[in-house]
Structure formats: C-alpha cells, structure tokens
Amino acid sequence: MRRKTALAGAATAALVLVLSACGGGGGTQQPADSSSGGAAQPAFNAGLNEVYNPSTKKGGTLKAAHSADWDSLDPGDTYYGYSFNFGRLYWRTLTMYKPGPGPEGNTVIPDLAEGLGEPSDGGKTWTYKLKSGLKFEDGTEITAKDVAYAVGRSWDKKTFPHGPSYLNELLDWPKDFKGVYEDPDADYSSAVEATDDSTVVFHLKEPFASMDYVVQMPMTAPVPKDKDTGAKYKEKVVSSGPYKFETNEIGKGFTLVRNDQWDPATDPNRPALPDRIEVQVNVNADDLDNQLIAGDIQLDIVGTGLQAAALGKVLPDPALKARTDNPTIPRLWYVSVIPDTPPLDNVECRKAVMWAADRVANQTAYGGELAGGEIATNVLPPPIVGQEKFDLYATPGNKGDVNKAKQALAACGQPNGFSTTMTYRSDRPREKALAEAMEQALAKVGIKLTLKGFPGSSYFSDYAGNVNYVKKNGIGLAAHGWGSDWPDGYGFMQAIVDSRTIRDAGNYNLSVKNDEVDKLIDQASAELDDAARAKLWVDVDKKVMEDASILPVVWAKSLLMRGKGLTNVAYNEGQSMFDYILLGVE
Amino acid sequence: MSFLDVKDLKIHFPTDDGLVKSVDGLSFSVERGRTLGIVGESGSGKSVTSLGVLGLHKGGRARISGEIWLDGEELNGATAEHVRGLRGKKMAMIFQDPLSSMHPYYSVGHQIIEAYRIHNDVSKQVARKHAVDMLGRVGIPEPGRRVDSYPHEFSGGMRQRAMIAMALSCDPELLIADEPTTALDVTVQAQILDLMRDLQSEFNSALIIITHDLGVVAELSNDILVMYAGRCVEYGSTDDIFYRPEHPYTWGLLGSMPRLDREPTERLMPIKGSPPSLINVPQGCAFHPRCPFGERTEGKAETAAPALTETEGGHLVRCHMSRDERRTLWENEIKPALETS
Amino acid sequence: MFTYIIKRVIGAFAMLIVISMVTFGIFYVVPQWAGASPEAMASRYVGRAATPETVHLVAERLGFNDPVIVQYGRFVKGLVAGAEYDYGAGVEQCPAPCFGYSFISGQPVWPDLLDRLPVTFSLAIGAAVLWVVGGVSVGVISALRRGSFFDRLSMGTALAGVSLPIFFTGMISLVVFSYALGWTPPGGAYTDFSVNPAQWAYSLLLPWITLAFLFAATYARLTRAGMLETMGEDYIRTARAKGLHEREVVVKHGLRAALTPILTLFGIDFGLLIGGAILTETTYTLPGLGQFAILAIRNQDMPQVMGVVLVAAMFVVVASLIVDLLYAVVDPRVRLS
C-alpha cells in the first residue's frame, strides 16, 4: 500500500518536472505561508521545484554532520558554498539569494539592506541602506560601521587567507593599507565607508555590474569591532542571524541555539524553525551517508551529494531513491583544448577534437546521467541566470562525427591526424575514465592521445595550470572542472575564460586566450541592465565555443538525500544545495 | 597384601602411527620402609609406570588396565579427583631435572608452600615455616633466606634437595624418584643418594627409584626390577641382580655400568642396537634382536614370548634359555669377563 | 634498576629528537628537493583561487621563507620555552611545551592533543580489556581442547579477525547494529566518562568490540600456541604430581608462563593504540588522537602532524619501557642492567 502511493507520488513529481521543463521552469510555488503539511509522500526530485514537506512548525533539534571541517566559521575567512549557505543561520549579509526552490533561487534580494544596491558613477560606486531594528546577539545595534569594518578586516589575507578576494580586487583600497590589525587607525574609506549609521558605500576601481552577488558573500556580514579577535574570532562569532553559538569545539563540532535578539520583523526570509542545530564535523564520509539514510542525522552539510558507496545502495532502491533530489548544479566538467600546443594552435584542429569527441562515452565516464550529469553542449551550465543552451558541434546521437572531424583536420592541414598529450587528476577516477574515453574517440579520426595523470593537489600549480610545464611537455588536452561562486556569467566564467587572469602557475584558465572573449567580458562586467548583461555572457559562451578551446563534457548533477523527519526542504539554485535557512524538523 | 601392589599394569597410548604399548603387563610390589629399583634404558616404560601409579595419565588419551593397590585401596578404578587428593600427600614424586621440573616464575618456598597447603589447611605463615624446616632437613644452608630464592638461583644439587623437600613436605608414604641424580655431577649424586637413604629410614616410606643406571640402585635398593620394552625381564633382590643375574639384558646393563676400578670407556659387553619400537615390539622375545645368545633357543626366541618364571626364591627371569644354561654362561663367561677387566 | 631506567629515558629522548627531525625533514626538506618554493608550500593553506599576494603573505606568516634549520630551531624553542602567536587582533602566549598552532585552524596543538587523549585512551582501555580477556580465554580453551570443534571454530574465526580490515568490519557493524537494529549508537557518538559513565560505555561498545575482535584474534592464536607449549613442560607435571587441582595447574602454572610473550605484545599494541587508533577512530568518527592524526596528515598540517607523531612515539617508547620493567617482575630470571 505504501509502495503504491509512493509510486503515485513519484509519477506526479515526474509530471511536474516535465511540465516545468516545457514551461521553461515557470510555475514554482512559494513555501512561505503553508502550514505544517503532515507526512509528505517522498518522491524523486520532490524538493527540486517546490518545497518538500512544507511546514511552519517551530521547535526540535536539527542534527547535521560534515565529512570534513569548515575552513573557518569566521564570515571573513570562509570560501565554501555550504559555508555561505549554512552561515546564514548565524550571520546576515547585505543581500542574499532568494530562498526556496525553482529558478528564482539564483536571484538576489536584500537581507540587511532595505533594497538592492544602488549603483552610481557608472557602476563604480554602490550604496546599500540598512534596515532599522537590526541587532547583534548581545543586543547592540548593527550599524553600517559594523558592515564596513567587516569588509575592512576581511582585506587582511595574512589573518584571513581562506576567504574570497573579490572585494580585495574590486574595491579601491588605499595604496599603503596594511589592514585593520597592523594599522588600527587606517582610513580605508576610499574602498568602503559608512556614511551614516545605516548607509554603506562601496567604491570600486572599475565599473562592475554584479555587485549584488558579491555582497551576498559573508565578507559583508557585520562584525563588532570591539568583539573582533582576528584569527580567533571564529571561535566565538557574534551572531547577527536567528541562531547563535552555544558551544563551539573546533575540529569536533558546535551547537547553535536561538538568538533572542534577532527580530523576525526585520527578516522575512528566515523561518528559523528548529530550536537547536547540532553539527558534528570530521564524520567518516561513508558513515555519514549511512546515518543520513538511517535517520540518525538529517543533513549532510557539504551538500555535494552522496558518496559512490551510497549511490550504489540508493539508486536501485525505489524507496531510497524517492528521498533524493537530483539537481543540475552550476558546475561544468570539461576538457581544456590548449591553443599553445601545435597543431592545436589552429582552430580547425581544435574543432576536429570537438567533432570527434563521443559525448555519450564522456558522460558515461562521469557516472551517467544521475550521478554524473547532463551532456553539456556549451560552457554556461543551465542554473546560471540567463543561460542559453546551444550546440555548435551537434552530432548524430551525440556520439561524434568522424566525417566532420576529418574535414576539420584537412582544413587544419593535418588530414592524417596528429599526436598530443592529455592530462587528468589521477586521484579522480572519473577524470581518468574521461581521458580514456577521449583517447578512444579521437583515435577513430587519427588523433593519438598520450594520457598522463597527476596528483590533484598540485595539478594547477605544477602541471596543467603551469604555463611552462604545458609548453615544455606539449600538453594539448587537460581534464578540468569548474563551479561558480554565484550563478551569473561573471561568477562562473571570468576565472576560466578571461586570458588576462593567466599567470605563470596556478591557472584555472588553461586554454581560452581570445581577445574577442576578453572584450566581451569587459562589456558584460560593466553592463548594469540585468537582461542585457545576461545576453552578453551568452555571447561570451558562444565565442568560446567558436574558439573551440573548451570541450564541454557534462553539466554536473548531484544526488542529494533529504534527511528523515526534515520539513521545508527545497533545493535552492543560488546555493546549489538544499536551502539550509528554510529547514525544520518534525 | 603389600603396601603398594601393582598387578598386570598395562598403559597403552593410541597414536596416529599405532598403539604404543609403553607398559605391557607389569606387576610388582613394595613394602613400607623398603626400596625398589626399577632399571631400564630410556623408553623401556619405567617413567610411564611411575606416572601411572600416581594417576597422572588419568583423563588423557592413555588406556590403562590392571590394578594398582595402595595401602589396600585400588587406584586405577578410583576417580581422578580421589587420586588427585592422594597425590602429593600419600604418594609423591621426585623428578629427573629439577630445573625444568620446578616452575621458573615461583620461588622455591612458594612451590613448597603450595604443595603443603593443597593437603593441609594451614595459614601461609605456618606453611612457610614448614617449608623452611623442610629445606633445612634436606640440608640447604640458611633455609630461612633461601626459601625466597628462585630455582635458577640454586645450584643443581640444591635444586634437587629442594625438589626432595617439596616431595616430602606432606610426609608421603610412597615416594617415587625418577632418575633423581641423572642431572647432577658425581659427587653431588652421592650426596643426594645419601640424603634419600637417610630420609627414607627417617620417614619409613616405601621408595621406588627409577633409573637407567644400576650403580644408583646398588646401595639403595632392597629389590630391583629390570624393565625392557614395557615388561619386566628380571626381578630379584639386589644381591640376586648383582651377584646372580640370569638375563642377558641384565648382564648388558651390568657390563655398561661405570665402575671406579675400570676405565669408563671400556665396555665388556655393550648392548648392541637400540631399544625397540613400542608400537611394533619384536615377535617372540622382545630382546632377541639384540641378544647375543638368541641362537641357543633353537629359533624359539623369534616366535614365542618367554614367560616370567621364578628361578629361585622370588628371583624371576623372562628368558627362553634354561636355568642351567644361564647360570653356566654367567659363571663361566660373563662374570669372569666383568671381573678381569 | 634505577640506572637502567635513567638510561632508557635518555635513549627515549634521543629517539624523540630523531623522530622530530625526520618528520620535519619529510615535511620541509623533501618538497624543497622536489623544487617547491615557499609559496608553493603555502598554497596548501589558503582558500580557493587565492591571489599570489595572499599566498605570499601566508608563506611569510608561517615562516616558510626561513632556512629549514631556523624553522626547526623555532619549533624546538617553542617546545622548550614556549612561543608567541599573533592572531591579528593581539598576541597570545603559548606556554611550553608549545607544539605551535595549526596551519589550518589556527588552534594551539598541545591543548587539542590533551583534549583528544581521553577519547583514545577510553577506546584503547575498553578494547584491551575485551581482547585480552576474550583472546586469552579462547586461546586457553582451544589449547586444552586441541582439535575439538571449538578449537577449529575459534581459530577459523581468529584468522578472519586478523584478516578483515577494521574499516570493513566497523562499517558493517554500524550498518547492522546501529542503523538496522538500533542496538548501538550511530557513528560519532561519544560521551566523556566524567559526564556519564554508562553512556560512555554504551557509546564505545561497538568500537570496543570491533577493535577487540581484531586484536583478540592474534592473542587467541598466540595464547593457544603458548599454552600448548607450556602445558607440555616438566613443571606442569610437577604441579600435577603435587596434587594441584587441574584449574590451578592451567591458570597458575600453565597460563602464567604462557602469558609472558603476550605481555610484550600487549605493551607494544597498547602503546601504539594510545598513539592513535587511526582506522577505528576514523570509521566510528571518534574525536581521538587517531582521527586527529589522519586529519593532520590529510590537511598537511605540519604542527599537528608533529605533535601527534611525537606524542604517539612517546607512548610507544613508554609502553616498551614499562613492558621491559614488567618483564623483570613477571619472570624472575630476567635481570635488568
């Protein structure tokens, strides 16, 4: 009986999925005012486009676990997606992703700020107005100074080496600035300043359109200057969100309890359902999956999906599969086709690689559709705002086209093919499988690949991302993968297609060296109109595909399991995982 | 009935290779205050016999038949627990190598105290005092100090004295000494033998001395039993065995006895060959493959087992040759050869 | 005896110094041979897509630009005299023995080690009791009933116990007893003894049994072999001839002698285990030294690696010293010089 209804639920969910796909992702629902819905029927992807098991019931303890540990709990020193997501339980930033399911999840809305940023000076100055009635956990008022101070302290990379450097790069810092600790009286108002208690103003070096996305990052979470203890602040972060730290044992775990100074009236986005949140870190990854399946914990904080061992158990079991969501995340697995290495300096030879690749075999190498992802035909993944799917190298059945590849080889002056080397990270079995699939497919058109694996930890510093190494060893292809910091074109593409980011070593852009691409990036970065900007990033995407310097493999999917007894579960596109601020427990 | 009466004792061990007949129909008896020597080569079954009397084969794989009467009580049919209660108290044993026979981790005193307290419900202090007394009686100097020494801290002779003290700690009425002097050098041997003789007269116990060396039992024993392949081949008073021996095997033993008036390397009549397998005991007379006089039995030695027959006044011999033949051989050939050398 | 202990302690110190140098060398010198710059080493301790400036600053803060000998000297000085730690907003005193601060979390290493020691100790002590009692009794019974069904069954199980890795038995036991049956708590449950002894034992039950199973197997086999040997000794026959009860013959005379080699093994095993039961703690997510060690190595967190290596080495050294002293107590024939 139970199984029947579960199947019916699955069918309904599938139908919803089909409809939403046809309708271009429209028709999603908001979780806000639904009451506790009782026992929801689990179904595959039930949390993808609507809230699964919606509830407004407060109370209970949410048990969460992490298979490793935070880089830091300090909002100024952390750079993981899960940390940005989870941190919103104890911090608030100027803006935030719209909570909840569906495509709207990757748009930004104000959080501490009354509204989104107001650009002036052609996008070089951004002004944010704070709401009133905001308080830290100790009852003191949160002012614009606390936000400006937080940004100022995050500049000090000696103290905070982990956090993102966007604001270090974008803002107009004083030339001789040494950071707030070495020079406590320094004036850094040329970069960020509080013009009054409720106004924060950012001054940028160059016009920049995606500022609202940057300030949703935790560098703008307010830090009270008199409570700041530098590198030790992570031991006792002063909360600005609905929860505060009760205990915090670094390396073991921590407990969050309600922050009674948090005023829900200033914060319509956080339902703050559980009374307590217990987090354990450094939990054995396979055991964590088992506990999640069994219900001993309800949330896997890392949010990148189940381990291989658990996948083998969950996918064949309909009851377990019904508890999972399988979103496409803003991550692309791809092959860099490096134009420095002859004959790949000729675009026709690069195109031959595009035509010859067997996309189905490549997808299989990554674990197939559910565990791996959707076959990618261009650079931007579907969850990116304004993404367009296009295919310049369509082949029958996505299995490659030998004739077109041979034509391209002829046009390149290499009618009999050529030999080159492909690198991959040897500690990633999927990249190894990809390299082998490529070797087979390219052999059919006469391109011979020599495969070389390298340790992942030094892959970019010493091998594929090291300009000298690549030139000396004639590396033509390199397995690669990239995920975005925020779901717009800049957030995803800038680091991997802007040729001006290329340094001697440690590069993430291995292959895109195209002036036209760079020009388009500058145009897009400065465009303040959302729709026009999104369109420009699609142009960048198209230019890169024409350049044939990136061979997309799959737009990654993750398989997330909804914990037993969790309420209000929804996949958020901005976070690329469940929206942690919505969660409650039965 | 004697104090110890063993009748037709058989101790057989089943093994993967066959049945080992270690003791195969042995009878003997000992009275209080008297001493029996059991003599034979190693593997003749002497030690198995002594362990059998003490009931130490019980509960193992051994098949035991026959009767063992001790002070009017049959032990072979008694329960293992009952026999355990007699061991150490009514009958005790002195082993061959006191170094390996005493536990290396416990002090000598501890081991004597343990032996005493099994059978006597006394406090540790009382038992300790008794142990010191016993060590003193066996001639260990400074017994109050040496009682806390470990076996490895004793010399070989001292260890054997301690072993004797342990065996005598409960005044046993039957004492079995298994090669008590083999591991000791000659002067110490004599001391230990003197000690045992003194103690026996003092305690008036029945004593069985097991040895491969006739010299050891010559002075100490009243009677001697010569064993070969699990059986008795000759039995008699010490005088019988030394002055009127009738079995060729006994002659061999006498011939291989080291004597002070003779070079130790000279052997008049060494026993040829090696002791027989106890699984496949030779057909007929078990000794015949090694016997220099086998042809005199006109082939009987190879087919029929000779019976143990009385030759004169309690002197028993198991041999196919006639009494006269044996006596003639002894008087005319063996005895002169032993004496002239 | 006293001189012996002094000699051993001095030897132990020398060994710890050598171990610290080797660890230091592996960490600092080997990458240099491979051509890694201070920046390349520092790049392990920065966030994603860090700028070259950030990497440079971190290299400087962690002292990678100094010669290795200077870095080692700084480490030794910290151990002996303590050190100072600049956390940005102020300076913290790190009293001796200062093992430094984690490259990753910035936490002082020494308090962390002390904090995790009780967990590992709890795990080791409980498991040790189980495996010694279990392994030795099974071994004794097997030896006394050689060739019986019990003997063959237990020795077969022991072989499996030795062969199966703990991350396998551990994971299976969790799935069966914790998640399917619900008899034992899930992985990661640990309650300190001082908080609630009953809960402490309950939370460690499964790790104890799993770990004990692994060791008990070895001990059962060793005890069996030792018992077979000692029960054939002459002094066992003597004990029986005295009229001792069989139970006392087996325990007081047989087992006592058979246990001596087991004591040696136990000392070393226990010392190693206190140094960190890496696989068990990882499998069951117990916050002990073993988990600490594996995380430190995975994160290439030098001060933590150094701290846990030295502490573990110290336990092994101390354990072997205790074993040697105990040996002299157990076997009066052994004299220390």
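By contact I mean heavy atoms within 4.5 Å. The model on the screen is predicted.

I start with chain B. Its domain assignment gives domain 1, made of residues 1-90 and 181-340, and domain 2, residues 96-171. Between these two domains, 16 residues of domain 1 of chain B are in contact with 14 residues of domain 2 of chain B. The C-alpha centres of the two domains are 30 Å apart. Together, domain 1 and domain 2 of chain B bury about 1300 Å², and carbon and sulfur atoms give 63% of that area. On the domain 1 side, three residues supply more than any other three: Lys89(B), Leu195(B) and Phe203(B), with 37% of the area that domain 1 of chain B buries against domain 2.

Helix 7 of chain B covers residues 156-168, helix 8 of chain B covers residues 186-203, and their axes come within 10 Å and cross at roughly 15°. Angles under 35 degrees count as roughly parallel, so helix 7 of chain B is roughly parallel to helix 8 of chain B. The crossing of these two helices is right-handed.

Which residues of helix 7 of chain B meet helix 8 of chain B? They are Gly157(B), Gln160(B), Arg161(B), Ile164(B) and Leu168(B). From helix 8 of chain B come Val188(B), Gln191(B), Ile192(B), Leu195(B), Met196(B), Leu199(B) and Phe203(B). By class, this contact between helix 7 and helix 8 of chain B has 8 nonpolar, 3 polar and 1 charged residues.

Next, chain C. Here domain 1 is residues 2-98 and domain 2 is residues 110-336. Their C-alpha centres lie 34 Å apart. The contact between them takes 18 residues from domain 1 of chain C and 16 residues from domain 2 of chain C. About 1500 Å² is buried between the two domains of chain C, with 81% of it on carbon and sulfur atoms. In domain 1 of chain C, the residues that lose the most area to domain 2 are Tyr4(C), Arg8(C) and Leu16(C), which together make up 32% of what that side buries.

Chain C also has a helix pair to look at. The axes of helix 5 of chain C, residues 109-144, and helix 13 of chain C, residues 302-330, come within 10 Å and cross at roughly 45°. That angle makes helix 5 of chain C oblique to helix 13 of chain C. The crossing is right-handed. Helix 5 of chain C brings Val109(C), Trp110(C), Asp112(C), Leu113(C) and Leu117(C) to this meeting, and helix 13 of chain C brings Pro303(C), Gln304(C), Gly307(C), Val308(C), Val311(C) and Phe315(C). These residues divide into 8 nonpolar, 2 polar and 1 charged.

Last, the chains against one another. Which chains share the most contacts? Of the 2 pairs of chains in contact, the answer is chains A and C. In that pair, 37 residues of chain A are in contact with 38 residues of chain C. Chain A and chain C bury about 3100 Å² between them, and 51% of that is on carbon and sulfur atoms. On the chain A side, Lys158(A), Lys232(A) and Lys252(A) lose the most area to chain C, together 18% of what that side buries. Chain A and chain B, by contrast, are joined by no contact, and their closest C-alpha atoms lie 47 Å apart.

Note on methods: Residues are numbered from 1 along each chain as its sequence is written. Chains are lettered from A and ligands numbered from 1 in the order in which they are written. This is a predicted model: local features need pLDDT of at least 70, side-chain atom pairs count only at pLDDT 80 or more; totals for chains, interfaces and linings use all residues. Side-chain values use heavy atoms; hydrogens and water are left out. Axes are lines fitted to C-alpha atoms, for helices over the stretch in contact, and angles run from 0 to 180 degrees between N-to-C directions. Helices (H or I, at least four residues) and strands (E, at least two) are DSSP runs, numbered from the N terminus. Angles under 35 degrees count as roughly parallel, over 145 as roughly antiparallel, 65 to 115 as roughly perpendicular and the rest as oblique. A crossing is left-handed if the near helix is turned anticlockwise from the far one by less than a right angle, and right-handed if clockwise. Ala, Val, Leu, Ile, Met, Phe, Trp, Tyr, Cys and Pro count as nonpolar, Asp, Glu, Lys and Arg as charged, and the others, Gly among them, as polar. Domain bounds come from an automatic or database domain assignment. Buried area is the accessible area (1.4 Å probe) that two parts lose on being put together, summed over both.
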